[in-house]
Amino acid sequence: MNFKPLSLYNTASKSKQEFQSLTPGIVKMYCCGPTVYNYAHIGNLRTYIFEDFLRRALEYAGYTVQHAVNITDVGHLTSDADTGEDKLEKGAKREGKSVWDIAALYTEEFMRDWERLNLLDPTVWPKATDHIKEQITLVQTLEGKGFTYKIDDGIYFDTSKFPRYGEFAGLDIENQEAGIRVAMAEGKKNPTDFALWKFSPKDVKRAMEWDSPWGVGFPGWHIECSAMAMKHLGETLDIHCGGADHVRVHHTNEIAQSECATGKPFATFWLHGGWLLESKEEGGGKMSKSKDEFVRLQTLINKHYDPLDYRYFCMTSHYRNYLSFGWSNLKSAKEGLTSLRKKTAPLINQVTSIESDLAHEWRDQFTSAICDDLNLPQALGIVNKMLKDINLMEGEKGALLLDFDQVLGLDLGKSDAPAKESFDTLDRELSSLLQERNEARKSKNFARADEIRDLFKEKGYVIKDGPEGAVLEKIQ
RNA sequence: GGCGACAUACCCAAGUGGUAAGGGAGAGGUCUGCAAAACCUUCAUUCAGCGGUUCGAAUCCGCUUGUCGCCUCCA
């Protein structure tokens, strides 16, 4: 397979750069995963969908991807000021379960969404609680090199010892201090310093706590990603990604602690997915898990949307842009995917190989869009235009669709016209009704035929009369 | 208050110097007993507004207006 030059927007350089992996042919990719204290909302899922497109594009370009997505099952705090409530314990209290049960439950739910969205499984799903030892070791390394200090409630990273701190996110630290006052853990030397290891309160037995050289406690939030990424993928990653909200604090801190520990760059490419906003008609604003109500994948399914409708919805906008979620927007994505499926179904049964120059041209166009910083909206436009090309053989259209679907992940190869019911799967009552209608139509008793059509409508079916007889389609 | 992003048709949206992709909705047509579906056609002389640079601007620069985000946590 020839490697396509893939251009990706790198947050670190604030520009598109041609992607190069450190080891030829292999990409080490780490994606920040969920904290499993509640369901994922569709805004969270948008980021994982973007990462899946990235993974698929890399594989399409011929790379082998070593892919890690962490599960944060340690309850960190609700505030980055290292104060506040523990999220997992909050979840446990809310549902009257143990923190371990909460973590297990929402991990399972997360994986279910993952599968339903047709996301490729990562090579590893490292869990924070399985890597306490590695986290402690990393903190010890930092301690040995003099980057840490101890205060009453934990071991902290001294950000003033890392001159490039904040460079990544373009933070203007002085200005932030001048801004709104931020509550700060007592004893911190700099407002940006963060906890590497937190001590359990003296009089409280925490639900999750571990022994460490510094006393009983639990790891800080940021350290787990560095420790797990290094263990599973090595000290320098090719790609590290996450949501745009990780740029300022989480990734900034990961870079500081990792690069101070190893003396090497932590990742060469940093990619961030844009936010999903609620459209104005839905109330507006950024979707956030800390709000009490949020839309999750199951909410969509309950409203008769297919998870892949949402996947398709996400590809109608570039991954770095804001995307407004509204029900009418999702509906038009659903219509778009449905019509794509209908066009696709007859083609995938007559797939040939891709031979003609014309077919190669279409593939080049598609590939160029994908390789230009994952321009899925443009790629989708190309797919639609390709389908309309009357000079292109049907068999090649089918072949191209299957080829493109390696990146799109819409299961076009499996797709059938949606929910058509054939006569033999119908129950007896319905099939005799349908037969009666056919006879009524034959004898031009259209009043009776229309009456039966209404009956079917009540039962949730639309009748479509074609040249080969009536076909039923389930109403969703 | 400080910082930043964005503004393209009815809606979503691509397009980063060479004359406005695509999808959805709408409209008209073919087909049909009528529908539905399918297919065909159509749908921005113009890119929030105003100035500037340029042979040429949706694209670059400046200002104005508007929307949103960040400066607790969050994908």
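Just after helix H14, Lys444 takes a positive phi of about 60 degrees, in a model that is predicted rather than determined by experiment, where local features need pLDDT of at least 70, side-chain atom pairs count only at pLDDT 80 or more, and totals for chains, interfaces and linings use all residues. Residues are numbered from 1 along each chain as its sequence is written, chains are lettered from A and ligands numbered from 1 in the order in which they are written, and side-chain values use heavy atoms, with hydrogens and water left out. Helices (H or I, at least four residues) and strands (E, at least two) are DSSP runs, numbered from the N terminus.

Lys444 lies in the loop between H14 and H15, and at 63% relative accessibility it counts as exposed; here buried means under 20% relative accessible area, exposed over 50%, and partly exposed in between, with a 1.4 Å probe and protein chains only. Most residues other than glycine have a negative phi.

Helix H14 covers residues 428-442, and its 15 residues, at 1.5 Å a residue, should span 21 Å, which agrees with the 21 Å between its end C-alpha atoms; the expected span is 1.5 Å times one less than the number of residues.

Leu430, Leu433, Leu434, Arg437 and Ala440 are the buried residues of H14, and because they fall within an arc of 120 degrees when seen down the axis, they line one face of the helix, the arc being that of the directions from the helix axis to the C-beta atoms. These buried residues pack against helix H15 (446-458), strand E14 (461-466) and strand E15 (469-474), whereas Arg428 and Lys442, on the other side of H14, are exposed.

## Helices H9 and H10

Helix H9 (residues 307-315) and helix H10 (residues 327-344) pack at an angle of about 105 degrees, with their axes 8 Å apart. The axes are lines fitted to C-alpha atoms, for helices over the stretch in contact, and angles run from 0 to 180 degrees between N-to-C directions. The two helices are therefore roughly perpendicular to each other, a term for angles of 65 to 115 degrees, while those under 35 count as roughly parallel, those over 145 as roughly antiparallel and the rest as oblique.

## A buried loop residue

Leu374 lies in the loop between helix H11 (357-371) and H12, where its phi is near 55 degrees, a positive value in a residue other than glycine. With a relative accessible area of 2%, Leu374 is buried.

Technical notes:
Contact means heavy atoms within 4.5 Å.
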